[in-house]
Each structure stands twice: as C-alpha cells, then as structure tokens.
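Subject: Structure for you to look at

Dear colleague,

I am passing on the structure we spoke about, with some notes on what was found in it. Please have it open while you read.

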Amino acid sequence: MTQKISLAHVHKTFGTKQVLRGLTLDIEKGQSMVVIGGSGSGKSVMLKSILGLLTPDSGSIVIDGQETVGLAREKRTAIDAQIGMLFQNGALFDSLPVWKNVAFRGIQNEGMSEDEARQIGKQALRRVGLGDELLDLFPGALSGGMHKRVGLARAIASSPEIIFFDEPTTGLDPIMTDVINHLIEDCVQDLGATTLTITHDMTSVRAIADKTALLYKGEIIWHGDQAALDASEDPFLHQFIHGLAHGPIEVEGQQLEAALAGLDS
Amino acid sequence: MAALATIGRFFLGFFAQTGQLALFIGQTLAALTRPPFYFRMIGQQMLRIGYFSLPVVALTSFFTGGALAIQIYYGGNQFNSEAIVSSIVALGITRELGPVLGGLMVAGRVSAAIAAEIGTMRVTEQIDALTTLSTNPYKYLVAPRVIAATLCMPLLALVADILGIFGGFVVGTQSFDFNAAIYVQRTFSFLQFDDVASGLIKAAVFGFIIAIMGCYNGYHSKGGAQGVGRATTNAVVSASILILAANYLMTALLFSA
C-alpha cells in the first residue's frame with residue numbers, strides 16, 4: 001500500500017534532553033494508526049514535528065510524497081489544507097462563536113461568506129451529534145465533552161485526507177469517551193481519511209486502531225495490528241497495556257522502585 | 001567560577017532574548033507588508049486599544065496638566081506667572097507628558113491585555129491550531145494589534161495634549177484667577193506645530209513598542225497560568241522601560257537638530 005505519512009530517523013533534542021531518538025514510522029493511506037506511550041515518551045513532539053510546529057534536528061518526514069522537514073510554512077499550504085487536527089483540549093478560539101470556529105479555515109482561507117460558513121458549521125456539528133443551538137455559543141459556555149466534539153467538528157469540517165487526534169479522550173467520563181471513539185471511527189470511515197492518534201487510553205486503542213505503535217524514549221519499540229497487540233509477549237507493551245507499575249518501562253522523573261519501596265515501608 | 005558562570009549565563013540569556021525579539025519584529029514587519037490583511041481585526045483592535053483607553057488617558061493628562069500648573073505657579077515667579085504657566089504647561093504636555101504618560105498608561109492597560117490574551121492562546125494551543133488551519137499567527141494576531149496601537153497612540157496623545165492643557169487652564173483660571181482669554185492666547189502664541197508633531201511621532205513609536213512587547217511576551221509564554229502571568233508582567237515592564245528609553249533617544253534626535 002502507499003505510504004501517506006512516513007517518518008524516518010527523526011531526532012529532536014531540547015537543551016540536553018533527547019526527546020526523539022531516530023523515530024521511524026510509516027502510516028499507510030486510509031489507515032488508522034494509534035501511537036501509545038507514557039508521559040514524556042515524545043508523542044506530542046512527534047505529532048508537532050509532523051504538523052510542522054516543531055522542526056526536527058535531523059531525519060525525514062514525508063507527507064503524500066513530499067519532504068516536509070525544512071519546508072517553509074508558506075510552502076506547505078497544500079499539505080496543511082488536507083490536514084485536520086483535534087487538539088487535546090480542543091484549542092477552540094475563545095473569541096469566536098462555535099460556527100466561526102468550525103468553519104474557520106473556510107472563512108479565513110477560502111473567503112467563505114457568513115451564510116456558507118454557518119451552513120458548514122451546522123453540517124459539521126450534526127456529524128458529531130450536536131445541534132444547531134450551539135452555533136452561536138462561545139467555547140467558554142461549552143462542557144468538556146462538547147468542547148471535544150466541536151473540536152472534532154472543526155477537524156473534519158474541510159473533509160481532510162489526514163486527521164490527527166491528540167489524546168482525544170483524555171479528561172472525559174467513560175460514556176463520553178465511548179461517544180468520542182465512535183464519532184472518530186464514523187467520521188474517519190465516512191471521509192476515508194488517514195489518521196494518527198496519540199493516546200494513553202487503551203479503550204480508544206481497541207476502538208479506533210488499525211495498527212498500534214508503542215513509543216518509548218523517543219523510539220518506536222513495537223508496532224502491530226489488534227491481533228498482534230493481544231498476542232504480543234513484548235515486556236514493554238505488556239506493562240503498558242496492563243497498566244503495571246513494575247516492568248521495564250521507567251517512569252519519568254522518579255525512581256519508581258525506590259518510590260514504591262518508600263510507600264511500602 | 002560560579003560568579004563568572006552566572007554573569008555568562010546572564011549575558012547569553014540577554015543576547016538570546018534580544019535576538020529572539022529582533023526575529024519577532026522582523027516576522028511582524030514582513031506580516032505587515034504582505035497580504036492577507038485582516039481589516040476587521042484591525043478595526044476591533046483599534047476599538048479595544050484606542051477607544052477603550054480614552055478614559056484612562058484623558059483623566060491622566062487632565063490631572064497632570066492641573067498638577068503641572070500648580071508646580072509652575074508655586075515654583076516660579078507668582079507675579080508674572082500667567083505667561084509662564086500657560087506656556088510651560090502647553091510645551092510640557094505636548095512635547096513630553098502627553099505622549100509619555102499616555103504611553104505608560106496604555107502600556108499598563110493594553111500591553112498586559114495583549115500579553116495575557118496571546119499568552120493564553122499559546123498555552124491552550126490556540127496558536128498551534130491557527131497554524132494547522134493555514135493561518136499565519138503573525139498576520140492574524142500580531143499585525144492587527146501592532147497596526148492598531150501605532151495608529152491609535154498618536155490620536156490618544158492628541159487627546160492627552162488637549163485635556164492636559166485644559167487641566168492647566170482649569171487650575172490657572174479657577175485657583176489662581178488667571179484671565180481665561182489671556183491664558184488661551186498665551187498658550188497658542190507659544191505653541192508651535194513642531195511641538196505637537198514631535199509628541200505625535202513619539203506616540204506612534206510608543207504604540208508600536210506597546211503592541212510588540214505585549215505580542216512578543218504573550219507569543220513566547222510557556223508553563224500554564226504562571227507563564228501567562230510572567231508574560232503579562234514582562235510585557236508591561238519591558239514596554240514601560242522601552243518607552244522611556246525611546247523617549248530619551250527621540251527627544252535627543254528631534255530637539256538637538
């Protein structure tokens with residue numbers, strides 16, 4: 001199959017901290033890739049590097065056959081136009097009502113009229129199960145779940161070919177988590193988009209992933225499909241998917257064994 | 001060795017900040033000259049920066065003009081004070097106090113608000129969202145604020161000039177029984193076009209400083225609410241210091257020629 005996104009030997013360092021250490025990952029067209037990993041493993045840096053918000057120190061990131069590392073922002077307009085992104089906390093613009101948030105790209109870049117933009121806003125909200133009564137509300141008036149859904153509506157409003165999800169279910173109750181997972185699944189199937197999701201949430205992984213990759217200390221140390229996920233005997237993967245305190249994964253910022261010993265004594 | 005390392009770190013930090021600010025200004029100037037231009041955003045910012053700053057600038061200049069008149073009256077020759085008070089109030093307000101005090105008041109109000117708003121957008125990933133939605137944050141967020149502040153500050157300074165002189169006039173005529181007609185006539189006979197123009201040029205520069213320092217500190221804020229608080233403080237302090245430094249430089253340039 002054709003690679004839609006391809007990362008090869010990507011390195012990124014902040015000061016003395018090496019966050020990405022030769023990260024390599026391929027995502028096929030139409031595939032739903034989920035990258036899991038603990039806090040500080042480099043998931044967000046990977047995502048921001050693909051989005052061009054951070055520039056890797058070295059390595060290659062190819063989107064749709066075009067190398068994007070070192071590409072000036074104005075030269076990646078065509079790539080950006082086919083990308084939708086759901087941020088962890090929605091990242092809705094506080095100063096704009098919901099319909100302007102959802103149709104932002106059309107209003108700013110395509111000179112869309114207000115009527116047209118409202119229509120796009122309505123349609124996108126309906127796709128994520130929200131009613132027209134939300135159109136004129138400001139993000140401050142929305143609940144956490146609605147925030148996420150409006151963020152999802154914005155991400156899919158322009159029918160992008162690639163959608164990124166940054167911890168889409170973090171901070172939501174189990175029911176809303178299930179709602180968001182189903183919405184992501186439905187939207188992605190409708191659009192036929194290629195998606196990359198980063199999450200800690202194994203429920204999301206099982207609901208939306210075609211393929212899963214485990215990121216640890218800036219490298220992909222395991223990847224495989226759902227069947228392989230359950231069958232794998234990889235000790236790192238086993239510890240992560242079962243949420244075990246003991247195992248080969250070191251918890252960032254502390255000596256876990258010492259901390260647990262301290263609690264026991 | 002530790003002391004040398006501290007000094008070294010200070011200078012490295014200072015030069016890094018200066019370089020980052022220079023790059024930020026460069027990006028902003030590039031955004032100012034290339035389309036798209038967000039005229040509606042510029043209008044909104046002119047309302048927020050200019051119109052809503054009017055009361056604070058008006059009150060500051062009115063009372064400063066009044067205080068200046070009292071100082072000159074009691075500090076100078078009280079028997080020939082009518083000519084001195086009116087002329088010094090007019091010159092002092094238009095050349096220095098109108099633009100500088102107006103600039104400092106607007107720096108406190110606007111620079112802080114800009115830094116807080118853009119800083120919050122930064123830490124809540126709204127600026128990243130703008131970028132992923134193919135919108136240049138320099139054009140959408142920074143340029144409209146810089147244009148609005150640079151255009152509005154001279155207008156605010158003009159209001160400050162008028163109300164500052166009026167403050168002096170009220171104190172002179174009400175407290176010291178100056179003749180109103182003579183006071184006005186003396187004011188206009190001393191005041192030259194260059195006095196007012198120099199103040200307005202200064203005010204435009206102060207407007208640019210106020211907006212750029214608010215945007216710069218907000219844009220580079222990090223670390224959640226604490227980071228936004230730090231950005232707000234830094235914006236006001238740096239804008240105020242730069243206004244005073246720029247005022248000195250421009251006064252030297254404009255009046256030594």
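How many of the 13 residues of α6(A) are buried? Before the answer, please note that this is a predicted model, in which local features need pLDDT of at least 70 and side-chain atom pairs count only at pLDDT 80 or more, while totals for chains, interfaces and linings use all residues. Residues are numbered from 1 along each chain as its sequence is written, and chains are lettered from A and ligands numbered from 1 in the order in which they are written.

The helix α6(A) is mostly covered, with 10 of its 13 residues buried (20 or more other C-beta atoms within 10 Å of a residue's own, the C-beta atoms being placed from the backbone). Among the buried residues are A:Met146, A:Leu152 and A:Ile156, and the buried residues of this helix pack against β6, α3, α4, α5, β7 and α7 of chain A. Helices (H or I, at least four residues) and strands (E, at least two) are DSSP runs, numbered from the N terminus.

Turning to the interface, 15 residues of chain A are in contact with 10 residues of chain B, contact meaning that C-beta atoms, placed from the backbone, lie within 7 Å. On the side of chain A that touches chain B, α2, β6 and α4 of chain A each supply at least two residues, and the largest share, four residues, comes from α4(A).

Within chain B, the axes of helices α3 and α4 come within 8 Å and cross at roughly 145° (axes are lines fitted to C-alpha atoms, for helices over the stretch in contact, and angles run from 0 to 180 degrees between N-to-C directions).

With best wishes

Key: Two residues are in contact if their C-beta atoms, placed from the backbone, lie within 7 Å. A residue is buried if 20 or more other C-beta atoms lie within 10 Å of its own, exposed if 12 or fewer, and partly exposed in between; C-beta atoms are placed from the backbone.
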